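Hello,

Here is the structure I promised to pass on to you. Have a look at it first, and then read my notes below with the picture open beside them.

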Amino acid sequence: MKFDEIQIRVRYGETDQMGVVYHGNYPLYLEMGRIEWLRKLGVSYKNMEENGVMLPVISLSINYKKSAVYDDVINVKTQLKNTPTAKIEFEYEITNEKGEILTTASTTLVFIDKNTNRPIKVPQYILDLINN
């Protein structure tokens, strides 16, 4: 399935006293990867929400392998797991500049109607972009 990669330089404020990235920052890295994946596909998260479609995370799994540290440039690879339905699933791999795997992760998000907070099918325009 389609994937995208972004690079992020670890900022000082994302680390603990030992200079290691605090574990709670990894979901933010995943979100950055996911938003850029959608943007490069041609989907603006902002426009999607303005058009009444929300995409909350309902499941998050992270496996920590090695630590990222202050000033590292990390690579976040975001890949669509399968064709979306009412939910969309992503897999991630975060590596350092040496190519070592730091973290693997997965998320599941659900398309919901902003007004009713009820699940809906993936918008057709998103499916069309994925299938092109």
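Let's begin with the sheet in this predicted model. Five strands form an open sheet in the order β1-β4-β5-β6-β3, and their pairing is antiparallel. At the edges you will find β1 (3–9) and β3 (57–64), each of which pairs on one side only. If you ignore direction, neighbouring strands in this sheet are turned against each other by 20 degrees on average.

You can follow one of these pairings up close. β4 and β5 are joined in the antiparallel sense over six bridges.

Now turn to the helices. α1 lies across β1, β3, β4, β5 and β6, and it runs at about 135 degrees to β1.

Helix α3 covers residues 124–131, and which of its residues are buried? They are I126, L127 and I130. These three residues sit on the same side of α3, because they cover an arc of only 100 degrees around the axis. What do the buried residues of α3 pack against? Their partners are α1 (26–41), α2 (45–50) and β4 (73–80).

For a contrast, look at K98, in the loop between β5 (87–95) and β6 (101–110). K98 counts as exposed because its relative accessibility is 72%, and the cut-off for exposed is over 50%. Between K98 and D128 there are 30 residues in sequence, and their C-alpha atoms are 36 Å apart in space.

Finally, zoom out to the whole protein. There are three helices and seven strands, and from the N terminus on the elements run β-α-α-β-β-β-β-β-β-α. The radius of gyration is 16 Å, close to the 14 Å that the globule rule gives for 132 residues, so the protein is as compact as a globular protein of that length. Along the principal axes, the C-alpha atoms fill a box of roughly 45 × 30 × 20 Å.

Of the 132 residues, 42% are buried. Among contacts with a separation of 6 or more, 67% are between residues 24 or more positions apart. The accessible surface comes to about 7,700 Å², and carbon and sulfur atoms account for 48% of that surface.

Enjoy exploring, and write back with any questions!

Best wishes

Conventions: Residues are numbered from 1 along each chain as its sequence is written. This is a predicted model: local features need pLDDT of at least 70, side-chain atom pairs count only at pLDDT 80 or more; totals for chains, interfaces and linings use all residues. Side-chain values use heavy atoms; hydrogens and water are left out. Buried means under 20% relative accessible area, exposed over 50%, partly exposed in between (1.4 Å probe, protein chains only). Helices (H or I, at least four residues) and strands (E, at least two) are DSSP runs, numbered from the N terminus. The arc is that of the directions from the helix axis to the C-beta atoms. Contact means heavy atoms within 4.5 Å. Two strands pair if DSSP finds at least two bridges between them. Axes are lines fitted to C-alpha atoms, for helices over the stretch in contact, and angles run from 0 to 180 degrees between N-to-C directions. The radius of gyration is taken over C-alpha atoms; the globule rule is 2.2 Å times the number of residues to the power 0.38. Accessible areas come from the Shrake-Rupley method with a 1.4 Å probe; for residues, only the protein chains shown count as cover.
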